[in-house]
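Thanks, everyone. I'll take the overall fold first, then the aromatic rings. Please have the model up on your screens.

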Amino acid sequence: MRALVVSHGEAGPVRFADVDEPVPSTGEALVEIRHIGLNFGELNYVSQWPADAVHGHDAAGVVVRAAADGSGPPEGTRVAVGMASHAWAERVAVSPASLGTVPEGVDLADAAALGIAGVTALRVLRKRSLLARDVLITGASGGVGHFAVQLAALAGARVTALVGSPERAAGLRELGADEVLTGLAGTGGRFDLVLDTVGGPLVAQAWSRLAEGGTIHLVGISSGQETTFPSGTLFGFGEPRSVATYGDMTPTSGELTDLLGLMAAGRLSAPIGLRGDWQDVDDAVRALFARKVHGKAVLDVV
């Protein structure tokens, strides 16, 4: 079968290859993949994975063989694959702990967009009550950002979306953002929670806008820049503020189920900014690296 495997050469982060068919364990389902969801991080940091390994974590498809031990969804079930290993292939052996059943009315391509981005946003925003809280989402035009804006608004937060340019602000108010900014300079608001996907100097700027008892959750570093805190800014009186890291790789089935339920109810939409054939993966990768994709890139496995 064909798959996208890790490439450490100059040609790109992934390449097509013929690989062996997966052999599911007794606790794994065999899923025929129909769509894959690309994430900037897994493409930008391919050096962390071995060359020629089947890459990718997010996808959606149909169960063609249920787990032999009776766990997980039955044959024929439409499923989303989230934060699983080796997902960018025609067929994948997956633990039910990484699967969410896709309800009727939810497109499989939309389900493929969830995975890392949707689960990350949901897990961070569940850390505290957001009702009537002020929440800042940086990198709001990206995959995590699009989901975070919607989920924070659903939870009753006052949402500020921060983007890199006016062009990247399109559609964020419709998703639930109360305010859309291209920079924090001159803003006087204080935020109870910051979900940051950008890193770099922006983290120090967000820290200066953090309310007493507030937290910055670091979930990405798309800027690739270092963060430097000016002398004295990490000292303060009042309820402690904090910076929290994120790297939760625990099973995603529960969160996928919740997110898919919100989609089925029409309360959450998939931020697909690029849709195409997986044969054109190189074009999609270039678009992601050039910051031309607003939201997620989803490719059809044909």
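Accessible areas here come from the Shrake-Rupley method with a 1.4 Å probe, and for residues only the protein chains shown count as cover. On that basis the protein exposes about 13,200 Å², and carbon and sulfur atoms supply 51% of it.

A word on provenance. This is a predicted model: local features need pLDDT of at least 70, side-chain atom pairs count only at pLDDT 80 or more, and totals for chains, interfaces and linings use all residues. Residues are numbered from 1 along each chain as its sequence is written, and side-chain values use heavy atoms, with hydrogens and water left out.

Now the overall fold. The protein has eight helices and 15 strands. These are DSSP runs, numbered from the N terminus: helices are H or I with at least four residues, strands are E with at least two. The radius of gyration is 20 Å, close to the 19 Å from the globule rule for 302 residues, so the protein is as compact as a globular protein of that length. That radius is taken over C-alpha atoms, and the rule is 2.2 Å times the number of residues to the power 0.38. The C-alpha trace spans about 60 × 40 × 30 Å along its principal axes.

How much of the protein is buried? Buried residues make up 50% of the 302. Buried means under 20% relative accessible area, exposed means over 50%, and partly exposed lies in between (1.4 Å probe, protein chains only). Look at helix α3, residues 115-125: 10 of its 11 residues are buried. Among them are Val-119, Leu-122 and Leu-125.

Next, the rings. There are four aromatic pairs. Rings of Phe, Tyr and Trp (its six-membered ring) pair if their centres lie within 6.5 Å; planes under 30 degrees apart count as stacked, over 60 as edge-to-face, the rest as tilted. One of the pairs is Phe-40 with Phe-289, edge-to-face, at 5.6 Å centre to centre and 80° between the planes. It links distant parts of the chain: Phe-40 is in helix α1 and Phe-289 in helix α8, 249 residues apart. Phe-40 is partly exposed at 22% relative accessibility. Phe-289 is partly exposed too, at 35%.

Another pair is Phe-235 with Phe-237, edge-to-face, at 5.3 Å and 80°. Phe-235 is exposed at 60%, and Phe-237 is exposed at 73%.

Last, charges over rings. The criterion is NZ of Lys or CZ of Arg within 6 Å of the ring centre and within 35 degrees of the ring normal. Arg-291 lies over the face of Phe-40, 4.5 Å from the ring centre. Arg-2 sits over Phe-16, at 4.1 Å.
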